[in-house]
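Good morning, and thank you for joining this group meeting. I shall present one protein chain for colleagues who have not seen it before.

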Amino acid sequence: MGAGGPDEDDNRWPPWLKPLLKQTFFVQCKQHADSHKSECNMYCLDCMNGSLCSLCLIHHKDHRVIQIRRSSYHDVIRVNEIQKVLDITGVQTYIINSARVVFLNERPQPRPGKGVTNTCEVCERSLLDSYRFCSLGCKRVGTSNNFQKKHSAPMASDSDDSYCSSSHARNLNSMVQKFTSSTPSPTSVNYRTAKRRKGIPHRAPMGGLIIEY
């Protein structure tokens, strides 16, 4: 194929990476189902024939075998194992059970939180500033020739928040004004009530005009 095609992208990576990322681990081995050690958490980089259990390793002596571990239902591999056979530059590492690991595949987030300044170039998971990818799978996709980076929807800025707050305040003031205009003030009520009251009675002056000499 021409320059930049899928074949060229595949050639920049070892042949075992793509099948490793698609493989399902932590399932029961079909060949050793009767054994209590039949959980498949191994992978042979030379044979690339699926996940293996510990009993399968007898057939893979002197082969490059790596062990897959699990964190929060996601597959991880220790850095000291994978960096011997693969360049993991730009992939964020994590400390899990006192060991530094990398994730095999992406773990997308619904939306990065406020204050996040760096995200995975493929799945947009929050990252530390010094990294580009959250997993080996994202690095493989993100470094291909035909990859186009996603454009995230802009997060609400402080000016947007202040605009929403001021708009809410205006609406609230308008409602208060309407309520005030439709409700008579206490002064007007008292004034009308006073007008309806009868005049205060005065006692008539006692009769007779007294003249002193």
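Let me begin with a question: which side chain meets that of Glu 121 in a salt bridge? It is the side chain of Arg 132, with a distance of 2.9 Å, N to O. A salt bridge here is a side-chain nitrogen of Lys or Arg within 4 Å of a carboxyl oxygen of Asp or Glu. Glu 121 and Arg 132 both lie in the loop between β7 and α4, so the pair ties together parts that are 11 residues apart in sequence. Glu 121 is buried, with a relative accessible area of 18%, whereas Arg 132 is partly exposed at 40%. Buried means under 20% relative accessible area, exposed over 50%, and partly exposed in between, with a 1.4 Å probe and protein chains only.

A word on the basis of these values. This is a predicted model, in which local features need pLDDT of at least 70 and side-chain atom pairs count only at pLDDT 80 or more, while totals for chains, interfaces and linings use all residues. Residues are numbered from 1 along each chain as its sequence is written, and side-chain values use heavy atoms, with hydrogens and water left out.

I turn to the chain as a whole. There are 6 helices and 7 strands; helices (H or I, at least four residues) and strands (E, at least two) are DSSP runs, numbered from the N terminus. In order from the N terminus, the elements read α-α-β-β-β-β-β-α-β-β-α-α-α. Of the 213 residues in the chain, 31% are buried. The chain exposes about 15500 Å², and carbon and sulfur atoms supply 53% of that area; the areas come from the Shrake-Rupley method with a 1.4 Å probe, and for residues only the protein chains shown count as cover.

Next, the strands, where pairing requires that DSSP find at least two bridges between two strands. An open sheet is formed by 3 strands in the order β2-β1-β3, with antiparallel pairing. Its edge strands are β2 (51–52) and β3 (65–67), each of which pairs on one side only. Between β1 and β2 there are 2 bridges, and Met 42 has Leu 52 in β2 as its bridge partner.

Strand β4 (residues 69–71) pairs with strand β5 (residues 74–78) in the antiparallel sense over 3 bridges. Arg 69 stands opposite Val 76 in β5. The hairpin of β4 and β5 has 2 residues between the strands, and Ser 72 takes a positive phi near 50° there. β5 also pairs with β7, again antiparallel and over 3 bridges, and Ile 77 has Val 102 in β7 as its bridge partner.

How many salt bridges does the rule give? The count comes to 5. One of them joins Arg 64 to Asp 46, with the closest N and O atoms 3.0 Å apart. Arg 64 lies in the loop between β2 and β3 and Asp 46 in the loop between β1 and β2, so this pair ties together parts that are 18 residues apart in sequence. Another is between Asp 75 and Arg 70, the closest N and O atoms being 3.0 Å apart. Asp 75 is buried at 14% relative accessible area, while Arg 70 is partly exposed at 40%.

Now the aromatic rings. Rings of Phe, Tyr and Trp (its six-membered ring) pair if their centres lie within 6.5 Å; planes under 30 degrees apart count as stacked, over 60 as edge-to-face and the rest as tilted. The count by this rule is 2 aromatic pairs. Phe 25 and Tyr 43 have ring centres 6.3 Å apart and planes at 75°, so the pair is edge-to-face. This pair links distant parts of the chain, with Phe 25 in the loop between α2 (17–22) and β1 (42–44), and Tyr 43 in strand β1. Both Phe 25 and Tyr 43 are buried.

The rings of Tyr 94 and Phe 103 have centres 5.2 Å apart and planes at 85°, so that pair is edge-to-face as well. Arg 107 lies over the face of Tyr 94, at 5.2 Å from the ring centre, and over the face of Phe 103, at 3.6 Å from the ring centre. For this, NZ of Lys or CZ of Arg must be within 6 Å of the ring centre and within 35 degrees of the ring normal.

Thank you for your attention.
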